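Please look over the sequence and the model below before reading on. The report then takes the fold, the sheet, the rings and the core in turn.

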Amino acid sequence: MPLHDRIIPYLETAGLYHLARLNSQWFWVDESLLSTFIERWRPETHTFHMPFGECTITLQDVAYQLGLPIDGAAVSGCLTEFENLMEHGRPAWVWFRELFGELPPQSKVKVLPADATDETVRVYARAYILMLLSSQLFADKNANRVHLRWLPYLALLDDLGRYSWGSAALAWLYRCLYKDTLLRSHMLSEIGQEE
C-alpha cells in the first residue's frame, strides 16, 4: 500500500510512522530462519536456547527496532467492549463503511487522489494503519485477513498515539511463538507415535 505524504502526520500521531517506513523497505520473512528460531523457543522460560546461551526479545528491542511506543494505554479489552462501540447493534460492515467510505474491494488498492479532502485523507490513513496492524504487527498465518478488533481503535484515529503498540506487538509475538511451539511439538509427537 503506497505511503502518501498526507497520511504521514496521522502515522506520526499514532506512533506508527517508523514502522511504516520499515514496511516500505525492510519487511520480508526468511522462513527457514524463522523456523529455526521457533525450534529453539522455550515457552516455559520465554527464551531462545542458542548454542551460546539463552536470549529473548525484550520490550526495549521492540521499541528500538520497530520504533513503536512502549508507554501508554494497553491495547486490550477491545472485543469485550465491541458491542458498546457498535452503537445499537449495527453490523460491523456498516461501521466499516462509515470509517472507510466503502466496503473493501477484492485485491484492489486505491491511490490517494492529489485533490483529496481532509476527510478522504483520514480514510486513507485509517486504511494504511489497518494494513500495518493486520499485516505487520498482528498478522495471522495467511496475512490476508483483517480482524474487526481494530475498528474501535481506527474510529478514534486521533487517540491512537496513546497506546503502547510495542507492548502489544511483543505480547502477540510471544503468543505466536508459544502456539507455533505447541503445534510443532504436537506434530513431532504424532510422527514419533507413527514410527
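What follows is a short account of this chain.

This is a predicted model: local features need pLDDT of at least 70, side-chain atom pairs count only at pLDDT 80 or more, and totals for chains, interfaces and linings use all residues. Residues are numbered from 1 along each chain as its sequence is written, and side-chain values use heavy atoms, with hydrogens and water left out.

**Overall fold**

The chain holds 9 helices and 3 strands. Both are DSSP runs numbered from the N terminus: helices are H or I with at least four residues, strands are E with at least two. Along the sequence the pattern is α-α-α-β-β-β-α-α-α-α-α-α.

Of the 195 residues, 32% are buried. Buried means under 20% relative accessible area, exposed over 50%, and partly exposed in between, with a 1.4 Å probe and protein chains only. The chain exposes about 12300 Å², and carbon and sulfur atoms supply 55% of that area. Areas come from the Shrake-Rupley method with a 1.4 Å probe; for residues, only the protein chains shown count as cover.

A contact means heavy atoms within 4.5 Å. Among contacts with a separation of 6 or more, 72% join residues 24 or more positions apart.

**The sheet**

The 3 strands form an open sheet in the order β1-β2-β3, with antiparallel pairing. β1 (41-42) and β3 (53-55) are at the edges with a single partner strand each, so one side of each has no neighbour in the sheet. Two strands pair if DSSP finds at least two bridges between them.

β1 pairs with β2 (residues 47-50) over 2 bridges. β2 and β3 are joined by 3 bridges. Some bridge partners are listed here.

| Residue | Partner | Strand of partner |
|---|---|---|
| W41 | F48 | β2 |
| H49 | E54 | β3 |

The hairpin of β1 and β2 has 4 residues between the strands, and H46 takes a positive phi near 55 degrees there. The hairpin from β2 to β3 has 2 residues.

**Cysteines**

How many disulfides are there? The count is 0, where a disulfide is a pair of cysteine sulfur atoms within 2.5 Å. C55 is partly exposed at 28% relative accessible area. C176 is also partly exposed, at 25%.

**Aromatic rings**

The model has 11 aromatic pairs. Rings of Phe, Tyr and Trp (its six-membered ring) pair if their centres lie within 6.5 Å; planes under 30 degrees apart are stacked, over 60 edge-to-face, the rest tilted. W41 and F48 make an edge-to-face pair, 4.8 Å centre to centre with 65 degrees between the planes. W41 is buried at 1% relative accessibility, and F48 is buried at 5%. These two residues are also bridge partners. Elsewhere, ring pairs link F138, W150, Y153, Y163, W165 and W172 into a cluster.

**The core**

A nonpolar core is a set of buried Ala, Val, Leu, Ile, Met, Phe, Trp, Tyr and Cys residues joined through side-chain atoms within 4.5 Å. The largest one has 46 residues, and L16, I129, W150 and W165 have the most contacts inside it. Elements supplying at least two residues each include α1 (8-14), α2 (17-25), β2, α6 (92-100), α8 (151-155) and α9 (165-194). α7 gives the largest share, 11 residues.

Leaving aside neighbours within four places in sequence, W165 contacts A14, L16, L68, P69, V75, L133, F138, W150, Y153 and L160.
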